[in-house]
Protein chains: 2
Amino acid sequence: MKVEIFITLKKGVLDPQGKAVERALKSMGYEDVKDLRIGKLIEMEIPGDSMEGTERKVQEMCEKLLANPVIEDYNFKID
Amino acid sequence: MKVEIFITLKKGVLDPQGKAVERALKSMGYEDVKDLRIGKLIEMEIPGDSMEGTERKVQEMCEKLLANPVIEDYNFKID
């Protein structure tokens with residue numbers, strides 16, 4: 001099954017990289033861009049297994065390794 | 001309008017960060033994980049404007065700044 005995991009910084013956590021990109025866009029003429037935040041997109045393939053099994057595995061992976069639950073939120077999509 | 005941009009490495013471009021994370025997951029017992037790739041998720045807000053105008057702007061931003069079209073693909077979602 002194809003898994004896509006989206007990891008974003010929690011609201012309130014500073015995102016200097018996002019701020020830098022937002023400033024760059026504004027300086028290029030896109031003055032109306034707001035609230036730009038940069039997160040991670042992790043794609044992987046987990047063969048076989050049921051939807052429920054895969055969901056449980058992906059959730060565990062996020063909690064244990066892929067996301068930092070103190071400063072990051074995650075959600076995922078399984079196809 | 002809320003914009004989500006997904007930037008991924010093109011097929012064939014090596015992803016050492018992804019390989020390292022895949023190895024880490026395997027060593028934690030998730031042996032069946034395959035083809036793990038790490039990309040970027042960029043979220044931003046572009047107020048007002050029409051769907052078509054926003055689409056054109058986001059495409060320009062990706063081509064000019066956000067993605068490196070030599071090694072990266074991008075796609076986006078506008079809500």
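Guide: Contact here means that heavy atoms lie within 4.5 Å of each other. The model is predicted: local features need pLDDT of at least 70 and side-chain atom pairs count only at pLDDT 80 or more, while totals for chains, interfaces and linings use all residues. Residues are numbered from 1 along each chain as its sequence is written, chains are lettered from A and ligands numbered from 1 in the order in which they are written, and side-chain values use heavy atoms, with hydrogens and water left out.

Visitor: Thanks! How many residues of chain A are in contact with chain B?

Guide: Let's look at both partners. Chain B brings 30 residues to the meeting.

Visitor: What area is buried between chain A and chain B?

Guide: Buried area is the accessible area (1.4 Å probe) that two parts lose on being put together, summed over both. Carbon and sulfur atoms give 69% of it here. In chain A, Tyr30(A), Asp32(A) and Leu41(A) lose the most, together 21% of what that side buries. The total is about 2,700 Å².

Visitor: Which residue of chain B forms a salt bridge with Asp32(A)?

Guide: A salt bridge is a side-chain nitrogen of Lys or Arg within 4 Å of a carboxyl oxygen of Asp or Glu. Between chain A and chain B the count is 2. In one of them, the closest N and O atoms are 2.9 Å apart, and the partner of Asp32(A) is Lys57(B).

Visitor: Over how many bridges do S2(A) and strand S2 of chain B pair?

Guide: Strands (E, at least two residues) are DSSP runs, numbered from the N terminus, and two strands pair if DSSP finds at least two bridges between them. Arg37(A) stands opposite Glu43(B) in S2(B). The two strands run in the antiparallel sense, and their bridges number 9.

Note on methods: Helix = DSSP H or I, 4+ residues; strand = E, 2+ residues; numbered from the N terminus.
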